[in-house]
Amino acid sequence: MDLYNHQKSTSKIKRDASVNDRIPDGLFLACPYCGVQMYNKQLGHYRVCAHCGYGFRLQARERVDLMTDSFEEIDSEIEMTNPDFPGYADKLARAKSQTELGESVLTGVATFENEKVALGIMDSYFMMGSLGSMTGEKITRLFEYATENGLPVVLFTASGGARMQEGINSLMQMAKISAAVASHQEAGLLYLVVLTDPTTGGVTASFAMQGDITLAEPHALVGFAGARVIESTIHEKLPKDFQRVETLMANGFVDQIVPRSDMNKMIAKVVRLHHKTEV
Amino acid sequence: MAVNIGLKLFKHELSPAEVVKKSREDRFLAREIIDGVFTDFVELHGDRLSGDDMSVIGGIAALNGTPVTVIAIDKGVDIQDKLSKRNGSPEPWGYRKAQRLMQQANKFHRPIVTFINTPGAFPGKTAEAQGQGEAIAKSILESMKLTVPMIAIIYGEGGSGGALALATSDQVWMFQNATYSILSPEGFASILWKDSKRSDEAAAVMGLTPKDLLAKNVIEYIIPESRSHPRVFNLIRKRLQDEFKQLSELTPEELVNQRRARFRSF
């Protein structure tokens, strides 16, 4: 019976209780994709996993600094003025102070190697990049601005999908933006999508999948339904890379996967190849 | 006394949770509606790319003599049928079949009527691999470009993007006991409050009843239900005819601009 009654011996080593106070937080990080632990500094300028190339989630303003050569914000004043769902106002206030944004997307006019584009960047740190009515308004205006000024649109997507607090209005944004995309398309202008981690739900089911050309960051998660929803529907475990852009590319939904360090050059190159020329 | 109870039973307005329940009762079936409203229905199968999704019934028919394209999401009649149609959750190739038929309608200048009753697009493994998101995205984008009139009718559940894919139209109508929402009340409660059992509470705050949606201009018209189905179908036929007549007076450009402006207002 000793086998069962045996007590685990407690460690004799005394831990220094104050150690946690003396070492700063966030020095070591685990890659959310491959799980390898690394020293913060190893991520480097572009905040990319040194082991697998996964790009850590960026705030919209960080991405502007990393990837564009110039940027001028438009529609910065647009934000939700009457959040009437319980607790929504608090959530919005917290998101605004964390991201220095009025909504979950940052829009403006940018250059990539002197190529002028209308640029939108969604921020997953702002209520998970969810599609609120003012997010939709900013993106719609971006397309309208681009159509009026004959500019291509480059849009970095990152979103958990619809914003539940806004109900049906959130769903209507998918249609509203799509209408603006249609007008932009008919003007013969380029719409370039860059899928970043994570892009899901209603955003995947609308403007993220309407680009003329679709690029993606390595290992970004992109899908329509949540993995847990799918697993509980089909009663089966999904493979690890099921909703990663590498799989989407194999299935025919992504044109190219581009590392962050090459993104600026790639966007410039694609935009340049769409200059109108006489043949 | 009996009269009073009777009045109370029939007259009282349903709570949102009760409407949700009713919307799932299969009060009307897709084929019954098609046969009731139209004549000469010719069913057309397949998306010409990967298969034929039985949960999306499509074809051409006559609306009081005028040819129209009909697309309907069907939940199925018996258990076997329901299983094969995933209770009305279309696969990507269902939406692509709808796209094909919309393009065809555009070519032949036929108005389009869609009938919607779905808990949402199917969240399956193959669906995901075949691009469920892309299929819905394209349905929405392409219907924004159609130069023929399009009217969508939600006759049961209008679940999220899976419903919107067939409802980016010139007008959206709802049956009196139908719902249209961003997500099921169960899903809503589980995301926001981590408790799917609070779905009745969620239904109350989501504004998913026809009355709420009419007030927000998300829909144009509520179709009164009746135990006499032919009466409902006659009403739909008459109204479709009237509205299509008005819409066809617009030039293709006016029609497209008006449709886009309809959604621009949200």
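# Reading two chains of a predicted model

Tutor: This is a predicted model. In chain A, the axes of helix α5 (residues 133-149) and helix α6 (residues 168-186) come within 9 Å and cross at roughly 5°.

Student: What makes α5(A) roughly parallel to α6(A)?

Tutor: The crossing angle is roughly 5°. Angles under 35 degrees count as roughly parallel, so α5(A) is roughly parallel to α6(A).

Student: Which residues of α5(A) and α6(A) meet?

Tutor: On the α5(A) side they include Ser133(A), Gly136(A), Ile139(A) and Phe143(A). On the α6(A) side they include Gln173(A), Lys176(A), Ile177(A) and His184(A). By class, the residues of this contact are 6 nonpolar, 7 polar and 2 charged.

Student: How do you know that α2(B) is roughly perpendicular to α10(B)?

Tutor: The axes of helix α2 (residues 16-23) of chain B and helix α10 (residues 199-206) of chain B cross at roughly 105° and come within 7 Å. Angles from 65 to 115 degrees count as roughly perpendicular, so α2(B) and α10(B) are roughly perpendicular.

Student: Which residues make that contact of α2(B) and α10(B)?

Tutor: Pro16(B), Ala17(B) and Val20(B) come from α2(B), and Asp200(B), Ala203(B) and Ala204(B) come from α10(B). The contact of α2(B) with α10(B) has 5 nonpolar residues, no polar ones and 1 charged.

Student: How many residues of chain A and chain B are in contact?

Tutor: There are 44 residues of chain A in contact with 39 residues of chain B. The two chains bury about 3500 Å² between them, and 72% of it is on carbon and sulfur atoms. In chain A, Met164(A), Ile168(A) and Phe224(A) lose the most area to chain B, together 20% of what that side buries.

Student: Why is the pair Glu186(A) and Arg260(B) called a salt bridge?

Tutor: The side chains of Glu186(A) and Arg260(B) meet at 2.8 Å, N to O. The cut-off is a side-chain nitrogen of Lys or Arg within 4 Å of a carboxyl oxygen of Asp or Glu, so the name applies. Side chains of opposite charge can pair when their charged atoms come close. Across the interface of chain A and chain B, the rule finds 4 salt bridges.

Student: How many residue pairs are in polar contact between chain A and chain B, and which elements of chain A touch chain B?

Tutor: The count is 13 residue pairs in polar contact, with both residues at pLDDT 80 or more. The elements of chain A that give two or more residues to the side touching chain B are α5, α6 and α8 (227-234). The largest share, 16 residues, comes from α6(A). By class, that side of chain A has 22 nonpolar, 16 polar and 6 charged residues.

Student: Why does the salt bridge of Glu225(B) and Arg27(B) tie together parts that are apart in sequence?

Tutor: The side chains of Glu225(B) and Arg27(B) meet at 2.6 Å, N to O. Glu225(B) lies in the loop between β8 (221-223) and α12 (229-247) of chain B, and Arg27(B) in the loop between α2 and α3 (30-37) of chain B, so the parts joined are 198 residues apart in sequence. Over all chains, a search of the whole structure finds 36 salt bridges.

Student: What joins Asp197(A) and Pro198(A)?

Tutor: A cis peptide bond joins them, with omega about -15°. Pro198(A) is in strand β7 (residues 191-199) of chain A.

Student: What is phi of Asp40(B), and where is Asp40(B) placed?

Tutor: Phi of Asp40(B) is near 55°, a positive value in a residue other than glycine. Asp40(B) is in strand β1 (residues 39-43) of chain B.

Note on methods. Residues are numbered from 1 along each chain as its sequence is written. Chains are lettered from A and ligands numbered from 1 in the order in which they are written. This is a predicted model: local features need pLDDT of at least 70, side-chain atom pairs count only at pLDDT 80 or more; totals for chains, interfaces and linings use all residues. Side-chain values use heavy atoms; hydrogens and water are left out. Axes are lines fitted to C-alpha atoms, for helices over the stretch in contact, and angles run from 0 to 180 degrees between N-to-C directions. Helices (H or I, at least four residues) and strands (E, at least two) are DSSP runs, numbered from the N terminus. Angles under 35 degrees count as roughly parallel, over 145 as roughly antiparallel, 65 to 115 as roughly perpendicular and the rest as oblique. Contact means heavy atoms within 4.5 Å. Ala, Val, Leu, Ile, Met, Phe, Trp, Tyr, Cys and Pro count as nonpolar, Asp, Glu, Lys and Arg as charged, and the others, Gly among them, as polar. Buried area is the accessible area (1.4 Å probe) that two parts lose on being put together, summed over both. A polar contact is a pair of N or O atoms within 3.5 Å; within protein, one must be able to donate a hydrogen and the other to accept it, and residues adjacent in sequence count only if both atoms are side-chain atoms.
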